[in-house]
Amino acid sequence: MQDDESLVDAEQLNFTYSIPDANEVQAIIKEMKINATPGPDGLNAAFYKSTWSWIQDDVLKVVTEFYSCKSLHKDINQTYITFIPKKAQPTIPQDFRPISLSNVIYKIISKSLANRLKPHLPTCIHQGQSYFVSGHNISSNIIITQEIIHSFRLKSWNSQAFILKIDLAKAFDRLEWNFICDALKRKNFSDDFISLIHACIRSLHFLVLVNDEPTE
């Protein structure tokens with residue numbers, strides 16, 4: 001059984017299922033770093049900001065078509081992966097940090113979806129979670145852990161207990177697409193909105209940059 005308090009509020013769904021307008025799209029672009037590395041199409045946020053007056057209709061058309069058709073052309077969601085060295089002389093794969101370079105138009109779409117999910121996060125995510133919720137800080141875990149270890153060392157501690165440290169990979173790397181959709185469904189999101197999320201996931205196409213050249 002699921003807790004009714006964890007379901008999204010139906011009264012908050014009007015914005016969640018709305019199609020972004022020109023003002024929202026422009027606000028998303030304004031928040032982007034102008035010097036960020038562009039994606040495969042070679043256009044960074046600086047281009048969109050400086051030419052907004054005459055490209056806004058085309059950009060809004062792409063965003064509106066995505067929300068209406070719930071599909072993305074693979075060129076829009078094509079992403080380069082480049083490797084940034086973590087040290088002066090990297091020798092093994094772990095010495096590199098993979099960075100994804102996505103097209104700005106896709107960043108606009110994904111950010112608009114994130115904006116629609118954000119109001120529901122405090123309801124959907126358990127309050128014990130120290131991240132992803134406004135007002136919570138992941139560093140709080142460090143303080144809590146230190147206090148627990150300190151308690152274990154006190155002479156007054158008379159209970160048997162142990163601490164288990166688990167090194168987890170990024171959660172998204174381990175999630176199945178169907179699981180993400182099922183989780184959203186259980187939180188009372190509509191099939192249309194879930195289809196938008198699924199369209200972003202399934203349309204992703206990675207190309208790895210080797211010597212600055214994209215490869216499969």
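A salt bridge is taken here as a side-chain nitrogen of Lys or Arg within 4 Å of a carboxyl oxygen of Asp or Glu. In this predicted model, the count under that rule comes to 3 salt bridges. One of them joins Lys185 to Asp191, with the closest N and O atoms 2.8 Å apart. Lys185 is partly exposed, at a relative accessible area of 46%, and Asp191 is likewise partly exposed, at 47%.

A further salt bridge is formed by Arg116 and Glu24, whose closest N and O atoms lie 2.5 Å apart. This pair links distant parts of the chain, since Arg116 belongs to helix H5 and Glu24 to helix H2 (residues 22–30), 92 residues apart. Arg116 has a relative accessibility of 0% and therefore counts as buried. Glu24 is also buried, with a relative accessible area of 15%. The salt bridge between Asp95 and Lys87 has its closest N and O atoms 3.5 Å apart. Here Asp95 counts as buried because its relative accessibility is 8%, whereas Lys87, with a relative accessible area of 45%, is partly exposed.

Helix H8 spans residues 177–186, and its buried residues are Ile180, Cys181 and Leu184. Viewed down the axis of H8, these buried residues fall within an arc of 95 degrees, so they line one face of the helix. An α-helix has 3.6 residues a turn, so residues three or four places apart point the same way. Just after H8, Asn188 adopts a positive phi of about 80 degrees.

The strands were examined next. Strand E1 (residues 78–85) pairs with strand E3 (residues 205–210) in the parallel sense, over 4 bridges. In this pairing, Tyr80 stands opposite Leu207 of E3. E1 also pairs with E2, in this case in the antiparallel sense and over 7 bridges. Ile81 stands opposite Ser100 of E2. E3 pairs in turn with strand E4 (residues 213–215), in the antiparallel sense over 3 bridges. The bridge partner of Val208 in E4 is Thr215. E3 and E4 form a hairpin with 2 residues between them. In the turn of this hairpin, Asn211 has a positive phi of about 55 degrees.

Phe96 is located in E2 and counts as partly exposed because its relative accessibility is 29%. Leaving aside residues up to four places away in sequence, Phe96 touches Phe83, Ile84, Pro85, Lys86 and Pro90. The C-alpha atom of Phe96 is separated by 40 Å from that of Ser190, a residue 94 positions away along the chain. With a relative accessibility of 2%, Asn103 counts as buried. The contacts of Asn103, again without residues up to four places away in sequence, are Gly39, Pro40, Asp41, Asp75, Ile76 and Gln78.

Two further loop positions were examined. Thr51 is placed in the loop between helix H3 (45–50) and helix H4 (52–69). A residue is buried if its relative accessible area is under 20%; Thr51, at 9% relative accessibility, therefore counts as buried. Thr51 and Glu213 are 162 residues apart along the chain, and their C-alpha atoms are separated by 28 Å. Ile163 lies in the loop between helix H7 (140–153) and H8. At 48% relative accessibility, Ile163 counts as partly exposed. Ile163 takes part in a nonpolar surface patch together with Ile144, Ile148 and Ile149. The accessible area of these four residues together is about 330 Å².

Note on methods: Residues are numbered from 1 along each chain as its sequence is written. This is a predicted model: local features need pLDDT of at least 70, side-chain atom pairs count only at pLDDT 80 or more; totals for chains, interfaces and linings use all residues. Side-chain values use heavy atoms; hydrogens and water are left out. Buried means under 20% relative accessible area, exposed over 50%, partly exposed in between (1.4 Å probe, protein chains only). The arc is that of the directions from the helix axis to the C-beta atoms. Patches are made of residues with over 30% relative accessible area and no salt bridge: like charges are joined within 9 Å, nonpolar side chains (Val, Leu, Ile, Met, Phe, Trp, Tyr) within 5 Å. Accessible areas come from the Shrake-Rupley method with a 1.4 Å probe; for residues, only the protein chains shown count as cover. Contact means heavy atoms within 4.5 Å. Two strands pair if DSSP finds at least two bridges between them.
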